[in-house]
Amino acid sequence: MPTVDFVRYGAFLERALTWAGEGDVGFVVPSRWLTAAYAGPLRGWLAERGAVRRIVHLGDEQVFAGATTYVCLAFLGGRHAAVTVERDGAVERWSQLGAA
(Lines give C-alpha, C1' and ligand atoms only; values in the text may rest on other atoms or scores of the structure.)
Protein backbone atom coordinates (compact mmCIF):
# COMPACT_ATOMS: atom_id res chain seq x y z
CA MET A 1 0.00 0.00 0.00
CA PRO A 2 1.40 3.42 -0.93
CA THR A 3 2.38 5.77 1.81
CA VAL A 4 0.91 9.26 1.99
CA ASP A 5 4.35 10.68 1.19
CA PHE A 6 4.60 8.58 -1.97
CA VAL A 7 1.19 9.71 -3.14
CA ARG A 8 2.34 13.31 -2.67
CA TYR A 9 5.65 13.12 -4.47
CA GLY A 10 4.38 10.70 -7.12
CA ALA A 11 1.60 13.15 -7.94
CA PHE A 12 4.13 15.99 -7.89
CA LEU A 13 6.37 14.17 -10.40
CA GLU A 14 3.46 13.53 -12.73
CA ARG A 15 2.14 17.09 -12.52
CA ALA A 16 5.54 18.75 -12.92
CA LEU A 17 6.34 16.61 -15.95
CA THR A 18 2.99 17.50 -17.51
CA TRP A 19 3.58 21.22 -16.89
CA ALA A 20 7.12 21.01 -18.30
CA GLY A 21 5.74 19.96 -21.70
CA GLU A 22 8.76 19.28 -23.90
CA GLY A 23 11.16 20.66 -21.29
CA ASP A 24 13.15 18.74 -18.69
CA VAL A 25 12.84 18.78 -14.91
CA GLY A 26 15.00 17.42 -12.11
CA PHE A 27 14.11 16.30 -8.61
CA VAL A 28 15.62 14.97 -5.42
CA VAL A 29 13.16 12.27 -4.37
CA PRO A 30 13.13 9.20 -2.13
CA SER A 31 14.66 6.29 -4.02
CA ARG A 32 11.98 3.76 -2.99
CA TRP A 33 9.90 4.55 -6.08
CA LEU A 34 12.57 2.79 -8.17
CA THR A 35 11.74 -0.64 -6.72
CA ALA A 36 8.57 -0.50 -4.59
CA ALA A 37 5.61 -2.44 -5.98
CA TYR A 38 3.21 0.40 -5.19
CA ALA A 39 5.22 2.74 -7.45
CA GLY A 40 4.80 0.42 -10.46
CA PRO A 41 2.06 2.56 -12.04
CA LEU A 42 4.28 5.67 -11.83
CA ARG A 43 7.23 3.82 -13.40
CA GLY A 44 4.92 2.53 -16.14
CA TRP A 45 3.52 5.99 -16.81
CA LEU A 46 7.04 7.43 -17.10
CA ALA A 47 8.20 4.55 -19.33
CA GLU A 48 5.25 4.92 -21.71
CA ARG A 49 6.22 8.53 -22.25
CA GLY A 50 9.96 7.91 -22.53
CA ALA A 51 10.19 10.53 -19.80
CA VAL A 52 13.17 9.27 -17.80
CA ARG A 53 16.42 10.84 -18.95
CA ARG A 54 18.70 10.03 -16.05
CA ILE A 55 18.53 8.54 -12.55
CA VAL A 56 21.38 8.99 -10.07
CA HIS A 57 20.92 6.76 -7.03
CA LEU A 58 22.83 8.21 -4.07
CA GLY A 59 22.66 4.96 -2.09
CA ASP A 60 22.96 5.43 1.66
CA GLU A 61 24.72 8.79 1.31
CA GLN A 62 22.93 11.27 3.58
CA VAL A 63 21.96 14.46 1.78
CA PHE A 64 20.01 16.44 4.36
CA ALA A 65 21.54 17.26 7.74
CA GLY A 66 19.56 15.92 10.68
CA ALA A 67 17.43 13.52 8.60
CA THR A 68 18.04 9.95 7.53
CA THR A 69 16.98 9.74 3.90
CA TYR A 70 17.70 7.54 0.91
CA VAL A 71 17.31 9.60 -2.22
CA CYS A 72 17.94 9.69 -5.92
CA LEU A 73 18.16 12.45 -8.47
CA ALA A 74 15.51 12.01 -11.14
CA PHE A 75 15.91 13.93 -14.39
CA LEU A 76 12.74 13.71 -16.44
CA GLY A 77 11.21 15.28 -19.51
CA GLY A 78 10.35 15.11 -23.19
CA ARG A 79 10.97 11.86 -25.03
CA HIS A 80 14.25 10.11 -24.38
CA ALA A 81 15.24 6.97 -26.22
CA ALA A 82 17.96 6.05 -23.73
CA VAL A 83 17.99 6.18 -19.96
CA THR A 84 21.13 6.61 -17.87
CA VAL A 85 21.00 4.99 -14.43
CA GLU A 86 23.95 5.23 -12.13
CA ARG A 87 24.84 4.79 -8.50
CA ASP A 88 26.90 7.63 -7.15
CA GLY A 89 27.59 8.36 -3.51
CA ALA A 90 29.47 11.58 -4.26
CA VAL A 91 26.93 14.03 -2.89
CA GLU A 92 29.50 16.82 -2.98
CA ARG A 93 29.65 16.66 -6.78
CA TRP A 94 25.87 16.81 -7.17
CA SER A 95 25.34 19.50 -4.54
CA GLN A 96 27.25 21.96 -6.73
CA LEU A 97 24.85 21.71 -9.68
CA GLY A 98 23.30 25.06 -10.37
CA ALA A 99 25.64 26.86 -7.99
CA ALA A 100 26.71 30.28 -9.21
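Helices (H or I, at least four residues) and strands (E, at least two) are DSSP runs, numbered from the N terminus. On that basis the protein has 3 helices and 4 strands, which follow the pattern α-β-α-β-β-β-α along the sequence. The model is predicted, so that local features need pLDDT of at least 70 and side-chain atom pairs count only at pLDDT 80 or more, while totals for chains, interfaces and linings use all residues. Residues are numbered from 1 along each chain as its sequence is written, and side-chain values use heavy atoms, with hydrogens and water left out.

Of the 100 residues, 37% count as buried, that is, under 20% relative accessible area, as against exposed (over 50%) and partly exposed (in between), with a 1.4 Å probe and protein chains only.

A nonpolar core is a set of buried Ala, Val, Leu, Ile, Met, Phe, Trp, Tyr and Cys residues joined through side-chain atoms within 4.5 Å. The largest such core has 20 residues, and those with the most contacts inside it are L13, L17, F27, V29, W33, L46 and L76. Two or more residues each come from α1 (4–20), β1 (24–30), α2 (40–48), β2 and β3; α1 gives the most, with 4 residues. Beyond its neighbours within four places in sequence, L46 is in contact (heavy atoms within 4.5 Å) with L17, W33, A51, V52 and L76. Another core, of 5 residues, lies apart from it and includes V56, V71, L73 and F75.

G59 is placed in the loop between β2 (52–57) and β3 (71–77). This glycine is buried, with a relative accessible area of 6%.
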